[in-house]
Amino acid sequence: MSTDERIRNRRSFRSPMLIFGISMTVFYFALGLWLLLDRTFLSGIPIEFRTVFAVLVLIYGAFRGWRVYIDYF
């Protein structure tokens, strides 16, 4: 039995991990959007690097959201 199947079968462990997965997805999306939209946040970093980092954070947030959807729905 793989790790994913064990997590899916354990009902008591499923709900906290679902909540954690959703909250981390929201966190990554919020951080990525904040980096893109607020130019004063982390103003010491050049705007090009901050934009690239924000896009990567948004992509990772989408990946986390996709994993939560696949694992729990």
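A residue is called buried here when its relative accessible area is under 20%, exposed when that area is over 50%, and partly exposed in between, with a 1.4 Å probe and protein chains only. By that definition, the buried residues of α3 are Arg50, Ala54, Val57, Leu58, Gly61, Arg64, Val68, Asp71 and Tyr72. The structure is a predicted model, in which local features need pLDDT of at least 70 and side-chain atom pairs count only at pLDDT 80 or more, while totals for chains, interfaces and linings use all residues. Residues are numbered from 1 along each chain as its sequence is written, and side-chain values use heavy atoms, with hydrogens and water left out.

**Overall fold**

- The protein chain holds three helices and zero strands, where helices (H or I, at least four residues) and strands (E, at least two) are DSSP runs numbered from the N terminus.
- Along the sequence the pattern reads α-α-α, and 25% of the 73 residues of the protein chain count as buried.
- Helix α3 has 26 residues and reaches 37 Å from its first C-alpha to its last, close to the 38 Å expected at 1.5 Å a residue; the expected span is 1.5 Å times one less than the number of residues.

**Nonpolar core**

- The largest nonpolar core consists of six residues, namely Met24, Tyr28, Leu31, Leu35, Ala54 and Val57; such a core is a set of buried Ala, Val, Leu, Ile, Met, Phe, Trp, Tyr and Cys residues joined through side-chain atoms within 4.5 Å.
- Both α2 (11-37) and α3 (47-72) supply at least two residues of this core, and the largest share, four residues, comes from α2.

**Nonpolar surface patch**

- Ile22, Val26, Tyr60, Phe63, Trp66, Tyr69, Ile70 and Phe73 form a nonpolar patch on the surface, with about 860 Å² of accessible area together; for such a patch, residues must have over 30% relative accessible area and no salt bridge, and nonpolar side chains (Val, Leu, Ile, Met, Phe, Trp, Tyr) are joined within 5 Å.
- The accessible areas come from the Shrake-Rupley method with a 1.4 Å probe, and a salt bridge is a side-chain nitrogen of Lys or Arg within 4 Å of a carboxyl oxygen of Asp or Glu.
- Helices α2 and α3 are the elements that give two or more residues to the patch, and α3 gives the most, with five residues.
- Tyr60 is found in helix α3 and counts as partly exposed because its relative accessibility is 35%.

**Thr25 and Gly65**

- Thr25 has its place in helix α2 and counts as buried because its relative accessibility is 10%.
- A polar atom of the Thr25 side chain lies 3.4 Å from the backbone nitrogen of Gly65.

Key:
Patch = residues over 30% accessible without salt bridge, like charges linked within 9 Å, V, L, I, M, F, W, Y side chains within 5 Å. Polar contact = N/O pair within 3.5 Å; in protein donor to acceptor, adjacent residues only side chain to side chain.
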